Amino acid sequence: MRELSLKEVQERSLELLCEFDTFCKENDIDYYICGGTLLGAVRHHGFIPWDDDTDVMMLRRDYEKMLRVIKKAEIIPERKFIYSRNHTFARHYCRYVRTDFVKKEDGFSEDDCPWLGLDIFPVDFVNNDKTFIRQVKKLKILRSLLLIGVTKDNLGKNPVARGIKKILRPFIKHYGIFRIVHHMEKTAARYSHHETEYVAGICGMYGLREIWKYSDFKEKTRLDFEGHSFQAPAKYDIYLSNLYGDYMQLPPEDKRKYTDARVFEK
């Protein structure tokens, strides 16, 4: 198999994002680019030069609608949506993947997700109080257990950490990684049956920082990204400042690193 360059991986990832944008337009599903993709759109008008993947987010109700639609939708050949409820992807989010490109990521099990993909994160209504803090703490524990279940045995910052993970991994596997994801989704969506003042990417890695007012979140715009335009929060400054601080400032050169993932053409 031929290994793709970073530029080639970015081009294939962009194709996935364009396809997903079309899918959402055709099915009246709202989404926003997020994370490094949103940061790249604002700061670079495209990919962060050392980044290779794409991320979007959407309210839980749009996320649930998407999961219903994809069961009946005609998907482009060599593409598929993978997610926990059909036991194709043990995560709290969905991934739209290209099966014509194999992705190998250091540390993760070979069968975890061996394809190039676009991550689709649900955003939930939350209460900005102690209940939110408790949700984040519980989800942090569940996410840590999940990652132990989907990663390889030799991971850990030190021998003690590796030893603890080695002990826990069989119990986590026996309990079931998809059951852990179910608990994560249930915890995250606790208040999503009605609108509250705040929303959050509550399962995300940024925890308490990934929260903002729904009135700010729901305003939309479209931003340029590699010559295309994609839906984004109009008040993206609030979101990006929460996550990255002074986000227009480039990180030190030693932090501008490509991931350890490698992508191959079948």
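What covers the buried residues of α2? The cover includes α1 (6-26), β2 (32-33), β3 (54-59), β9, β10 and α8 (236-244). This is a predicted model, in which local features need pLDDT of at least 70 and side-chain atom pairs count only at pLDDT 80 or more, while totals for chains, interfaces and linings use all residues. Residues are numbered from 1 along each chain as its sequence is written, and side-chain values use heavy atoms, with hydrogens and water left out. Helices (H or I, at least four residues) and strands (E, at least two) are DSSP runs, numbered from the N terminus.

- Let's start with α2 (residues 35-44): 9 of its 10 residues are buried (under 20% relative accessible area, with exposed over 50% and partly exposed in between, using a 1.4 Å probe and protein chains only), so the helix is largely enclosed by the rest of the structure.
- The buried residues are Gly35, Gly36, Thr37, Leu38, Leu39, Gly40, Ala41, Val42 and Arg43.
- Histidine 45 follows α2 and has a positive phi, near 55 degrees.

**Two helix pairs**

- Two packed helices are described by the angle between their axes and the distance between the axes.
- Axes are lines fitted to C-alpha atoms, for helices over the stretch in contact, and angles run from 0 to 180 degrees between N-to-C directions.
- The axes of α2 and α8 come within 11 Å and cross at roughly 120 degrees.
- α2 and α8 are therefore oblique to each other; angles under 35 degrees count as roughly parallel, over 145 as roughly antiparallel, 65 to 115 as roughly perpendicular and the rest as oblique.
- α2 passes α8 in a left-handed crossing (the near helix is turned anticlockwise from the far one by less than a right angle; clockwise would be right-handed).
- Gly35, Gly36, Leu38, Leu39 and Val42 of α2 meet Tyr236, Tyr239, Leu240 and Tyr244 of α8 in this contact (heavy atoms within 4.5 Å).
- Sorted by class, the contact of α2 with α8 has 7 nonpolar, 2 polar and no charged residues; Ala, Val, Leu, Ile, Met, Phe, Trp, Tyr, Cys and Pro count as nonpolar, Asp, Glu, Lys and Arg as charged, and the others, Gly among them, as polar.
- Helix α4 (residues 130-150) and helix α6 (residues 177-188) pack at an angle of about 160 degrees, with their axes 10 Å apart.
- α4 and α6 are therefore roughly antiparallel to each other.
- Residues making the contact include Leu139, Leu142 and Leu146 of α4 and Ile180, Val181 and Met184 of α6.

**A strand hairpin**

- Strands β9 (residues 220-225) and β10 (residues 228-233) run antiparallel and are joined by 6 bridges (strands pair if DSSP finds at least two bridges between them).
- Phenylalanine 225 stands opposite histidine 228 in β10.
- The β9 and β10 hairpin has 2 residues between its strands, and glutamate 226 in the turn has a positive phi of about 55 degrees.

- Most residues other than glycine have a negative phi.
- Glutamate 78, in the loop between α3 (60-70) and β4 (79-82), has a positive phi near 65 degrees.
- At 49% relative accessibility, glutamate 78 counts as partly exposed.
- Histidine 87, in the loop between β4 and β5 (94-104), has a positive phi near 60 degrees and is exposed, with a relative accessible area of 56%.
- Lysine 186 in helix α6 is exposed, with a relative accessible area of 61%.
- Between the C-alpha atoms of lysine 186 and histidine 92 there are 9.9 Å, although these residues are 94 residues apart along the chain.
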